[in-house]
Amino acid sequence: MAKLNQFAELALDLAPFADFITIYTEEAHPTDGWAFRDNAYHIKSHASLSERRSAAEHVAKLMGNAPIDLFLDNMENTACLKYGANPERLYIVYEGNIVYQGSKGPIGYKPEEVRTFLQQYMPQKKKIINL
């Protein structure tokens, strides 16, 4: 979540050319698990989809008015496991195919790479992603 503001800015800048979504998955550093001592966020492990939704609502507030649709992974963490997204990862999907897969975060979570990738396509495409 450290670079969430960069992702939100990216979505604000490039919304005319791409659709942006976030899938909220299991909490990477829950306060009742493996957490940083100085963690700015105090979120427990999700025991139910309702608890995951509450945590996701906090994330939605952090994204402000950025045009990002927010989805929840199921409690079996299917999306997280399928896409290797623990704790976070960026993807670009075009016509049902993954055309960009970022490295695992937090080190590999680089919204600036997504910006560069999309800017290369923008002159050729009216809208990159149409989900």
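A: The secondary structure of the protein chain consists of four helices and four strands, and from the N terminus on the elements run α-β-α-β-α-β-β-α. The model is a predicted one. Of the 131 residues in the chain, 35% are buried. Contacts between residues at least 6 apart in sequence include 54% that join residues at least 24 apart. The accessible surface comes to about 8200 Å², and carbon and sulfur atoms account for 51% of that surface.

Helix α4 spans residues 111-121, and its buried residues are Pro111, Val114, Phe117 and Leu118. These residues lie on the same side of α4, because they cover an arc of only 120° around the helix axis. The partners of this buried set are α1 (4-14), β1, β3 (91-94) and β4 (97-101).

A search of the whole structure finds three aromatic pairs. One of them joins Tyr83 and Tyr91 in an edge-to-face arrangement, with 5.4 Å centre to centre and 75° between the planes. Tyr83 is partly exposed, at a relative accessible area of 33%, and Tyr91 is partly exposed at 23%. The rings of Tyr100 and Phe117 also pair: their centres are 5.8 Å apart and their planes stand at 55°, so this pair is tilted. Tyr100 belongs to strand β4 and Phe117 to helix α4, 17 residues apart, and the pair thus links distant parts of the chain. Both Tyr100 and Phe117 are buried.

Leu14 is located in helix α1 and counts as buried because its relative accessibility is 4%.

Strand β1, another partner of the buried residues of α4, covers residues 20-24 and contains Thr22. With a relative accessibility of 16%, Thr22 falls under the 20% limit and so counts as buried. Leaving out residues up to four places away in sequence, Thr22 touches Phe7, Met63, Ile68, Asp69, Leu70 and Phe71. Phe71 is partly exposed, at 43% relative accessibility. Together with Ile21 and Ile23, Phe71 forms a nonpolar patch on the surface, with about 250 Å² of accessible area for the three residues together.

Beyond β2, the loop between β2 and α3 (78-82) holds Asn77. Asn77 is buried, with a relative accessible area of 12%. Not counting residues up to four places away in sequence, Asn77 touches Glu26 and Arg52. Asn77 and Glu26 are 51 residues apart in sequence, and their C-alpha atoms are 6.8 Å apart in space.

To return to the request: the buried residues of α4 share one side of the helix and pack against α1, β1, β3 and β4, with the tilted pair of Tyr100 and Phe117 joining α4 to β4.

How values were computed. Residues are numbered from 1 along each chain as its sequence is written. This is a predicted model: local features need pLDDT of at least 70, side-chain atom pairs count only at pLDDT 80 or more; totals for chains, interfaces and linings use all residues. Side-chain values use heavy atoms; hydrogens and water are left out. Helices (H or I, at least four residues) and strands (E, at least two) are DSSP runs, numbered from the N terminus. Buried means under 20% relative accessible area, exposed over 50%, partly exposed in between (1.4 Å probe, protein chains only). Contact means heavy atoms within 4.5 Å. The arc is that of the directions from the helix axis to the C-beta atoms. Patches are made of residues with over 30% relative accessible area and no salt bridge: like charges are joined within 9 Å, nonpolar side chains (Val, Leu, Ile, Met, Phe, Trp, Tyr) within 5 Å. Accessible areas come from the Shrake-Rupley method with a 1.4 Å probe; for residues, only the protein chains shown count as cover. A salt bridge is a side-chain nitrogen of Lys or Arg within 4 Å of a carboxyl oxygen of Asp or Glu. Rings of Phe, Tyr and Trp (its six-membered ring) pair if their centres lie within 6.5 Å; planes under 30 degrees apart count as stacked, over 60 as edge-to-face and the rest as tilted.
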